[in-house]
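Take a moment to look over the sequence and the 3D picture below. Then we'll walk through it together, one part at a time.

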Amino acid sequence: MSDIKNQVRAYIADNFVMGSNAAKFADSDSFLDLHIIDSTGFLELITFLEEKFGIQVEDEEMIPENLDSLDNIEAYVSKKLVKV
Amino acid sequence: MALLLHQFLDAAVASKPAHVALISDKRHYTYAQLGEMVVTLAAELQQRGVRRGDRVALFLDNSVELVVGVFAALAAGAVFMPINPLTKADKLAYMLNDSRATALVTQATLEPIYADALGHNKTVRSCLVVGTSTLCDARIASYPVIGANNAAVADPGLIDQDLASIIYTSGSTGDPKGVMLTHLNMVSAARSVSTYLGLRGDDVVICVLPLAFDYGLYQLLMSVKLGATLVLERSFTFPIKVLERMVEHRVTVFPGVPTVFSMLMNIGSLASYELSSLRMMTNTAAALSEEHIRQLRGLFPQATLFSMYGLTECKRVTYLPPEQLDIRPTSVGRGMPNEEVWLVDDTGKRLPNGSTGELVIRGSNVMRGYWEKPEETAKRLKPGPIPGEMILHSGDVFRTDDEGWLYFVARKDDIIKSRGEKVSPREVENALYALEGVYEAAVIGVPDELLGQAVKAFVALKPGYGYSERDVIKHCIGRLENFMAPKYVEFVDALPKTDTGKIKKTGLA
């Protein structure tokens, strides 16, 4: 299952992070708290998740509990994949 | 009547101590509590040597510590500088050095940025950090908790001509300029804006905009002035969360920019949120389309909608009374109370109604100039009708109709407005040139449904270099606030030139 985290981490590393926050961020760290992703960035991240994992992120699911850390994304995407 | 900006808070603490002043991060703070936190931090700042007129930089997310920082810096006699937490190290260092800030108040989650900036700065003597800092630097100390400092705050002896704030804004030269605002400027602006809006002491205002942006900052200042309640959100990143907060706290006032309203209206389940308490929405930074105005009014029929226009140099310029919205939906209205605006031609001559020209502003809300930039100041502040007074040349071209209502036409410079934020093409180009192998770069704004304008870069590379679009964007994110980074990068062999060899942007799209 850590596959999801690895893919998302790689995507974030490729697209958003630079500097010293990049290397350090832990699976449980909030992207917002550490200023890794801003509001426009989250919209891009959602597009990535939808394309990469073939899921549809509903409006109601666009919440930090689902999206604002690698742990949260893994749990959320896994749940969506089971439903599909 | 308050003459100094922080007297807004003193008055509210005295008259409504138990009223909730702030709701931030799910916690409630009464005016009395806020007042106590301000005294603690102001005493700490003074003990650390902050004196009348010193600059105190506030590099924080929207938070109670930032709110307290604003009023504490003022109470200590200092000038507060709100800095967007998306700012990167080079620019933070530039602002600290340019302003010769003596204190920095920040948060541990921004450590990689402020640590780097402090390494290039010698003026800051104290850096107060919210959270645990791991940095080894004698200047670092913890943001004081209530009671940590029981010293009395010495009266700094301010008058309303003293500076209250320096707010950095993007300029066409690429170097940010510090807009100097006095207590009189800010008290006047807060009074005029809250008067025409009709804000009340029982309002609950939600702020999703950064307090480093004057539109966000004034939500705080006006809310405190009225003794109202401010619900402070860090951002509009998760609109559903903001909606839940609006329902929970029975929010009455929602200030937004077109990108925020656009995201709001895209939420399919919007109608299921009980928002009947909402009585007012305000928009500025960029114009709402007629279609968006129509949709918003359909969604919130009980709420009045104010279209407004402003610039940091004088806070707000115009507003359209809501009852005019059906008559002239694309107008930004007229000058606000206690302020005079008119159009001038290229020679500075006042133009009659029905003309097109540069908008000028006269009023006690007009800035004192750009910090230590006399040439830039002279371009914007020019002699007014009364000897010795200065009026502000906005740099924006408007037209008036026969009745004098104003319509935005164009900017005189090439500043891009993306997501409601100003983006200086030169600043982005400077960042692009810092990427090894970039031979030429030109940056323009292109229309974008969500952002208003998106930043687009044209880049010519030196032989032997190859980058992807994403490589270039990522490089820019490392140097610029994220909203300034290009959304699109187009690689070209060479950029078009003028006869004198300068890069010519007309024709790029």
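This is a predicted model: local features need pLDDT of at least 70, side-chain atom pairs count only at pLDDT 80 or more; totals for chains, interfaces and linings use all residues.

Let's start inside: the largest nonpolar core has 143 residues, and the ones with the most contacts within it are Val38(B), Val56(B) and Leu58(B). The biggest contributor to this core is helix 3 of chain B (residues 64-75), which gives ten residues.

Leaving out residues up to four places away in sequence, Val56(B) touches Leu45(B), Val50(B), Ala73(B), Ala78(B), Val79(B), Phe80(B), Met81(B), Ala101(B), Ala103(B) and Val105(B). There's also a second, separate core, this one of 39 residues, and among its members are Leu70(A), Val77(A), Val443(B) and Val455(B).

Two of those names belong to chain A, so let's head there. Chain A has five helices and zero strands, and reading along its sequence gives the pattern α-α-α-α-α. Of its 84 residues, 25% count as buried. Now look at how the chain folds back on itself: among contacts in chain A with a separation of 6 or more, 58% are between residues 24 or more positions apart.

Next, find helix 5 of chain A, residues 70-83. With 14 residues, this helix reaches 20 Å from its first C-alpha to its last, close to the 20 Å expected at 1.5 Å a residue. Which residues of helix 5 of chain A are buried? They are Leu70(A), Ile73(A) and Val77(A). These three cover an arc of only 60° around the axis, which means they sit on the same side of helix 5 of chain A.

Finally, where do the chains meet? In all, 21 residues of chain A are in contact with 22 residues of chain B. On chain A's side, the elements giving two or more residues are helix 1, helix 2 (20-24) and helix 3. Helix 3 of chain A gives the most, with four residues. Sorted by type, the chain A residues that touch chain B are eight nonpolar, eight polar and five charged.

Key: Residues are numbered from 1 along each chain as its sequence is written. Chains are lettered from A and ligands numbered from 1 in the order in which they are written. The expected span of a helix is 1.5 Å times one less than its number of residues. A residue is buried if 20 or more other C-beta atoms lie within 10 Å of its own, exposed if 12 or fewer, and partly exposed in between; C-beta atoms are placed from the backbone. The arc is that of the directions from the helix axis to the C-beta atoms. Two residues are in contact if their C-beta atoms, placed from the backbone, lie within 7 Å. Ala, Val, Leu, Ile, Met, Phe, Trp, Tyr, Cys and Pro count as nonpolar, Asp, Glu, Lys and Arg as charged, and the others, Gly among them, as polar. A nonpolar core is a set of buried Ala, Val, Leu, Ile, Met, Phe, Trp, Tyr and Cys residues joined through C-beta atoms within 7 Å.
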